[in-house]
Amino acid sequence: MDDNSNNRESQQSTEEPSASLGKAEAGDSQESSTSHPGEKKDLPPMKPASIWTSVALKELKAKLRQEKDSVVTVYRGDIMTVHVPVVPEAKRVCWEFATDGYDIGFGVYFDWSPVTSRAITVHISESSDDEDEDDELEAGPVVPGDVEKGSKSVANSNLGEILPVYRQDSHLAVQGGSHEFPGDDGTYLLKFDNSYSLWRNKTLYYRVYYSA
């Protein structure tokens, strides 16, 4: 039940997550809906993400090796979540990532809670910290290159799903994408999920940046 061991393209290039995000002022909260106690609020609708792949693995890895904190190890059983707050001077968040040798789970969520800091931060957790221990992995729709769902979303009434966590062939091609801000306040959660791996740590090359 571990990662794909097709080492077809385990190229040694480096790329790192360039969190080129500007500081911004706190925006107004997008959640003005009223709800009764115990009732889940209806979240505003969100557009789907734009996603793409590229075979330029060596180039991306080589570039990210030059940047600070863009090459990291996601240890077996762990989930790395990059928190990316929206900023007033941009309209989209963008991401690119690749791995050495094996795949990794990836998903994108949006937390509508008011932003308290405009800094991009990284949080590491074990799968049991991020999901109910009684919950099992969902099969999900069959998508080419996606073997199984990596983890379930956090039970947070303010959390909207943009891309569910699925294993990506990031060892074979660069995985990239972008998403238009759904509002003036909130935080993206980019999840790199290695919770399904019993034995293998994953070397991850990634960058996150804003676009107008």
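**Strand pairing.** I began with strand 3 (residues 78–85) and strand 9 (residues 187–193), which pair in the antiparallel sense over 7 bridges. Two strands count as paired if DSSP finds at least two bridges between them. In this pair, Val84 stands opposite Tyr188 of strand 9.

**Ground rules.** I am working from a predicted model, where local features need pLDDT of at least 70, side-chain atom pairs count only at pLDDT 80 or more, and totals for chains, interfaces and linings use all residues. Residues are numbered from 1 along each chain as its sequence is written, and side-chain values use heavy atoms, with hydrogens and water left out.

Next I traced the open sheet: 5 strands in the order 6-3-9-5-7, with antiparallel pairing. Strand 6 (121–126) and strand 7 (159–168) are at its edges with a single partner strand each, so one side of each has no neighbour in the sheet. From one strand to the next the twist averages 15°; the axes behind such angles are lines fitted to C-alpha atoms, and angles run from 0 to 180 degrees between N-to-C directions.

**The whole chain.** I counted 2 helices and 10 strands in the protein chain. These are DSSP runs numbered from the N terminus, helices being H or I with at least four residues and strands E with at least two. From the N terminus on, the order reads β-α-β-β-β-β-β-α-β-β-β-β. Of the 212 residues, 48% are buried, meaning under 20% relative accessible area with a 1.4 Å probe and protein chains only; exposed is over 50%, and partly exposed lies in between.

**Helix 1.** Which residues of helix 1 (residues 57–64) are buried? I found Leu57, Leu60, Lys61 and Leu64. They cover an arc of only 95° around the axis, so they sit on the same side of helix 1; the arc is taken from the directions from the helix axis to the C-beta atoms. These buried residues pack against strand 2 (71–74), strand 4, strand 8 (174–180) and strand 10 (202–211). Exposed Lys58 and Glu59 are on the face turned away from the buried side.

**Thr99.** I finished in strand 4 (residues 92–99), where Thr99 has its place. Thr99 counts as buried because its relative accessibility is 0%. Its side chain makes a polar contact with the side chain of Ser170 at 2.7 Å. A polar contact is a pair of N or O atoms within 3.5 Å; within protein, one must be able to donate a hydrogen and the other to accept it, and residues adjacent in sequence count only if both atoms are side-chain atoms. Leaving out residues up to four places away in sequence, Thr99 touches Lys61, Ile104, Ser170, His171, Thr203, Leu204 and Tyr205, contact being heavy atoms within 4.5 Å.
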